[in-house]
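Please go through the structure below with the sequence at hand.

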Amino acid sequence: MPGLSNPRYRGIYPVVPTTFHEDGTLDLVSQKRCVGFMIDSGVDGLCILANYSEQFLLGDEEREILTRTVLEHVAGRVPVIVTTTHTSTASCAARSRRAQDMGAAMVMVMPPYHGATFRFGDPQIQAFFQGVSDAINIPIMIQDAPAAGTPLPPAFLARMAQEIEQVSYFKMETAGAANKLRELIALGGEAIEGPWDGEEGITLLADLEAGATGAMTGGGFADGIRPIIEAHRAGDKDHALAQYQRWLPLINHENRQAGFLAAKALMKAGGVIACDAPRAPWPALHPEVRRQLLDIARRLDPLVLRWAR
């Protein structure tokens with residue numbers, strides 16, 4: 001029986017960036033190369049259409065194209081999580097069902113919200129996730145991220161895990177994530193199948209100490225982050241700390257400076273993808289931020305800078 005002590009999915013599941021041509025149209029050739037590189041970097045799985053995939057800049061038809069393209073290209077080599085967030089219960093349920101039908105292993109969903117002020121109470125949020133759960137038979141990961149502006153106390157999350165069949169994974173990205181994970185696990189027990197770290201791994205070590213069994217990071221250097229997770233799982237905390245200290249400057253630069261453009265900048269520099277531009281109106285990466293990112297990365301020699309050579 002899947003549960004906290006026997007999770008179906010664990011380890012590192014980075015977010016796949018969405019690749020565009022210079023004119024802003026989808027670049028599916030680069031998209032496949034991006035996915036191929038990420039699998040070769042040692043991921044346990046992938047996540048597509050997340051915020052770090054610029055999902056908020058994609059149309060519905062493009063989402064369908066990307067989901068089908070990635071899942072067909074992965075061809076079962078690793079599990080793929082598909083983000084299906086939408087404010088509408090019916091729309092989110094339909095997105096989730098289509099993702100499942102195309103081969104998604106899990107869906108990731110933020111609580112319903114819209115803009116800066118439209119929020120919903122606990123009863124509506126629970127009914128929302130119940131409606132999504134009723135439409136599918138794969139796990140739901142609740143993404144607890146500041147972007148939603150929706151408080152999700154550990155007790156509420158634990159109750160949903162215990163009462164809603166498919167709600168079983170949780171990606172914590174709010175302040176004090178480690179304490180929230182610790183409390184969630186204590187309250188929910190085996191119903192919390194996947195307590196996961198997020199936010200590019202900036203709080204990874206603290207979250208692993210709190211009981212996180214998975215991490216959803218940026219897509220550029222899983223080969224650097226995976227050894228941290230594996231060392232901690234093996235009980236070698238000294239090695240985990242040493243590796244975390246080694247890679248933390250790059251993790252920090254992604255999290256605090258470059259954001260979701262870090263992975264694409266690294267992939268472009270390494271010849272994995274053809275163009276690292278975001279889609280308008282998002283601004284391009286500042287040249288100095290890019291320079292510092294690549295300077296830090298070259299000192300670490302990640303696979304992303306060598307894979308296509």
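Where is the place of Pro281? The model is a predicted one, and in it Pro281 sits in the loop between α10 and α11. The peptide bond that leads from Ala280 to Pro281 is cis, and its omega is near 10°. Most peptide bonds are trans, and most residues other than glycine have a negative phi.

Glu199 is not a glycine, yet its phi is positive, at about 50°. Glu199 belongs to the loop between β7 (194-197) and α7 (204-209). With a relative accessible area of 26%, Glu199 is partly exposed, because that class covers the range between under 20% for buried and over 50% for exposed. Asp301, also a residue other than glycine, has a positive phi near 55°. Asp301 is found in the segment after α11, and its relative accessible area of 40% makes it partly exposed.

A pair of aromatic rings is described by the distance of the centres and the angle of the planes. The count of aromatic pairs comes to 11. One of them joins Phe56 and Phe260, with 6.2 Å from centre to centre and 65° between the planes, and this pair is edge-to-face. Phe56 is in the loop between β2 (46-48) and α2 (60-74), while Phe260 is in the loop between α9 (237-258) and α10 (261-269), so their pair ties together parts 204 residues apart in sequence. The two partners fall into separate classes of accessibility: Phe56 is partly exposed at 40% relative accessible area, whereas Phe260 is buried at 7%.

Phe56 also pairs with Trp282. Their ring centres are 5.7 Å apart and their planes stand at 40°, so this pair counts as tilted. Trp282 has a relative accessibility of 39% and is partly exposed. Elsewhere in the list of rings, Tyr9, Tyr13, Tyr169 and Trp196 are linked into a cluster by ring pairs.

The largest nonpolar core has 89 residues, of which Leu46, Phe129, Met160, Phe170 and Met267 touch the most other members. Another core lies apart from it and has 13 residues, including Tyr9, Ile81, Met106 and Met216.

Which residues does Phe129 contact, neighbours within four places in sequence left aside? They are Val109, Met110, Pro111, Ile140, Ile142, Met160, Ile164 and Val167.

Phe129 and Met160 also take part in the contact between two helices. The axes of α4 (residues 122-135) and α5 (residues 154-163) come within 11 Å and cross at roughly 35°, and the crossing is right-handed. On the α4 side the residues are Asp122, Ile125, Gln126, Phe129 and Gln130, and they meet Phe156, Arg159, Met160 and Glu163 of α5. By type, the residues of this contact are four nonpolar, two polar and three charged.

Notes. Residues numbered from 1 in each chain as written. Predicted model: local features only at pLDDT ≥ 70, side-chain atom pairs only at ≥ 80, totals over all residues. Heavy atoms only, no water. Core = buried A, V, L, I, M, F, W, Y, C linked by side-chain atoms within 4.5 Å. Buried < 20%, exposed > 50% of the residue type's maximum accessible area, 1.4 Å probe, protein only. Contact = heavy atoms within 4.5 Å. Axes fitted to C-alpha atoms, helices over the stretch in contact; angles between N-to-C directions. Helix = DSSP H or I, 4+ residues; strand = E, 2+ residues; numbered from the N terminus. Left-handed = near helix turned anticlockwise from the far one by under 90°. Nonpolar A, V, L, I, M, F, W, Y, C, P; charged D, E, K, R; others polar. Phe/Tyr/Trp six-rings, centres within 6.5 Å; stacked < 30°, edge-to-face > 60°.
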